[in-house]
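Have a look at the model first, then read on.

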Amino acid sequence: MSKFPSLHNVLNATKKTILRFPLEVITAIIGTISAIILIDLNYDNTHRAFYEKTIMSCSLCLVWFLSVSLFFAAKQKNNIIQYLISLAFAPLLITFVFNFAIRISEVEVQQFFVLSLALHLLVSFSGFSPKAYNQEEFWEFNKQLFLRILTSGLYSIVLYGGLALAILAVDQLFKVEFDSKIYGYLFFTVAGIFNTIFFLSGVPETNSKELPLRLNYPKGLKNFTQYILLPLISIYLAILICYETKILITFSLPVGWVSYLVLAFAITGILSFLLIHPIANENGNLWMRTFNRWFYFLLIPLLALLFWAILYRINLYGFTHERYYVFLLSIWLTVVVAYFLISKHPKIKFIPISMCLAGLFSIVGPQSADSVSKYSQLSRFENYLQKYDGKKLTFEQEQELSSIVHFLDRNYGFESMLPYAHKKLDALYKKEKDPGSTKIVESLGFEYRSQYDRKDEANDSFNYYFYEDTDEIVDIHGYDFIIVLYKNSPYECKNCLIINKTNYSIKSKATDYGQDLIINQDTIPLKINDFINATSRFKNNYNASKKIEQRIENSKYTILLTYLSADGSIENNKKTPENYQIKVMVGIKN
């Protein structure tokens, strides 16, 4: 009969864990404190970026410290050198994170994820680097590590849920008011400190005489792999091979997303291969033995399909970060397949080691995903400007150029394009430092086409939008008042203005040509429809760089219409507005 652990035993286990992994625990505490402070900061607080990056740095440093600890524990040398090496490389990780922009971009998040994955993979084999390799010990260590992650996650969820319900019960039953942020404090305390210490307390030793690593294959894992995972993989394998056969018969090109499907299948298959590896050759496991023997041979035709698909996309559209990683994973898979087919005694630790090295290879340097993608897209940008200078682009070409500009602007900023634009963007840069992709393309003399635009829609509809900062103070010098008109929402106010001791009532009325603006007893026709049809700049030009204005003047009033948005249909070259938003400034003549 199992005994409930006493407080004394819990404290001793916690003390032992802290002494075994002091740097890891300290790092977890710093990250938790940073997360709690972050909860109290407003979204626009200038210090948010510091604490966000501190949390990210702590997550990387914690995994790095754990890798070093496991390495030196395997050498049975827990000395000052371990801490020196741990602390020597930590500043590099911190510098890597703190070099991110204030508002971390998607690319930087991707870089952080890849480095974090590489460091986690380092944990899986660092404890086996300084000692004689044993396949069964390696498998058992990583099995225990994986189960500890799941167990600590489950315990943390239950603990947080129980404590959160307890706080809620006290709040509701005893009317004790708690700050709503207490749930956030509790979450990060449990996730950052309890979860970390609980996980670390169960990290197995790779060189322990008291508790040696002995293979213990769970029956549940065998059943899951044999009866669920392997049949699913077989289904996907059959689908992909049939699709590849169809391509060869019809001489058609592979669809773009087939690369992701092949990668998903291959990586899931390798995971299954690792799961069944200890028992794959046992008697009675015919299906597993067959899978283990033929899996890497069956990957060869799929690798050919994978390279065909990704190289075709790269040839057409150049490298992006996503295509870079698909291509890198394709190379990694090829190396793994070649290793397991050629080697007489393959070691499964080759898989995490090679993937870790591939991840580190892609993060920094001229060969990194960021450098290759930037160089590729800037080259395509320059080629477009040189090849089509002074020429009219087709819809597809404008859409492709817009995609290039959007990618460069989003990931590297407007300045990255200036040296390649041959002074075509200098005037815009002097005016605006961050104008947006639409204005950049228009300044180059082309029309911006988003990835969602369709060629068949370009000639039967229009969609104009001009961004205007609503927080900006509007200068109405020379005018007396300003209103906003909408097509389907009439405007009306009675005696809402007093100008020069005269009361003014204002309303609008829809007409065939647009609207009538009625000021007291005076009616001013606003021929909006005719103006939209006569102005070519009303087109599929979302987020236009220049505002469109219409001036109307009579003996009593000077009126300026600024079109903020307008959309509608086009039939027989005639535009029919369906919606619009117009800022109207009215000046009353003396």
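## Aromatic contacts

One aromatic cluster is built from Phe265, Phe273, Phe295, Tyr296, Tyr339, Phe340 and Phe350. For the ground rules, this is a predicted model in which local features need pLDDT of at least 70 and side-chain atom pairs count only at pLDDT 80 or more, while totals for chains, interfaces and linings use all residues. Residues are numbered from 1 along each chain as its sequence is written, and side-chain values use heavy atoms, with hydrogens and water left out.

Searching the whole structure turns up 32 aromatic pairs. Rings of Phe, Tyr and Trp (its six-membered ring) pair if their centres lie within 6.5 Å; planes under 30 degrees apart are stacked, over 60 edge-to-face, and the rest tilted. Take Phe307 and Phe327: their ring centres are 6.3 Å apart and the planes sit at 90 degrees, so this pair is edge-to-face. Phe307 belongs to helix H10 (residues 286-317) and Phe327 to helix H11 (residues 321-342), so the contact ties together parts that are 20 residues apart in sequence. Helices here are DSSP runs (H or I, at least four residues), as are strands (E, at least two), numbered from the N terminus.

How exposed is Phe307? With 21% relative accessibility, Phe307 counts as partly exposed, and Phe327 is also at 21% and partly exposed. Phe531 and Phe538 make another edge-to-face pair, with centres 6.3 Å apart and planes at 80 degrees. Both of these residues are buried. The cut-offs: buried is under 20% relative accessible area, exposed is over 50%, and partly exposed is in between (1.4 Å probe, protein chains only).

## Charges over rings

Arg148 places its charged end over the ring of Phe198, 4.1 Å from the centre. Lys433 lies over the face of Tyr429, at 3.9 Å from the ring centre. To qualify, NZ of Lys or CZ of Arg has to be within 6 Å of the ring centre and within 35 degrees of the ring normal.

## Salt bridges

How many salt bridges does a search of the whole structure find? The count is 11, where a salt bridge is a side-chain nitrogen of Lys or Arg within 4 Å of a carboxyl oxygen of Asp or Glu. Glu400 and Arg380 form one at 2.3 Å, N to O. That pair links distant parts of the chain, with Glu400 in helix H14 (residues 395-412) and Arg380 in helix H13 (residues 369-387), 20 residues apart. Glu400 is partly exposed at 22%, whereas Arg380 is buried at 14%.

Lys589 and Glu553 also meet in a salt bridge (2.8 Å, N to O). Lys589 comes in the segment after E10 and Glu553 in strand E8 (residues 548-553), so the bridge ties together parts that are 36 residues apart in sequence. Glu553 is exposed, with 57% relative accessible area, while Lys589 is partly exposed at 33%. The side chains of Lys547 and Glu549 meet at 3.7 Å, N to O. There's also a salt-bridge network linking Glu398, Glu447 and Arg449.

## Strands and turns

Strand E10 (residues 574-588) pairs with strand E2 (residues 481-486) in the antiparallel sense over six bridges. Strands pair if DSSP finds at least two bridges between them.

E9 and E10 form a hairpin with two residues between them. Most residues other than glycine have a negative phi, but Asn572 in the turn has a positive phi of about 55 degrees. Asn572 is exposed, at 73% relative accessibility. Asn520 has a positive phi near 55 degrees as well; its place is in the loop between strand E5 (515-519) and strand E6 (522-526). Asn520 is partly exposed, at 27%.

## A nonpolar surface patch

Phe224, Tyr227, Ile228, Leu232, Ile235, Tyr236 and Ile239 form a nonpolar patch on the surface, together giving about 710 Å² of accessible area. Patch residues have over 30% relative accessible area and no salt bridge, with like charges joined within 9 Å and nonpolar side chains (Val, Leu, Ile, Met, Phe, Trp, Tyr) within 5 Å. Areas come from the Shrake-Rupley method with a 1.4 Å probe, and for residues only the protein chains shown count as cover. Ile239 is found in helix H8 (residues 219-250) and is partly exposed at 46%.
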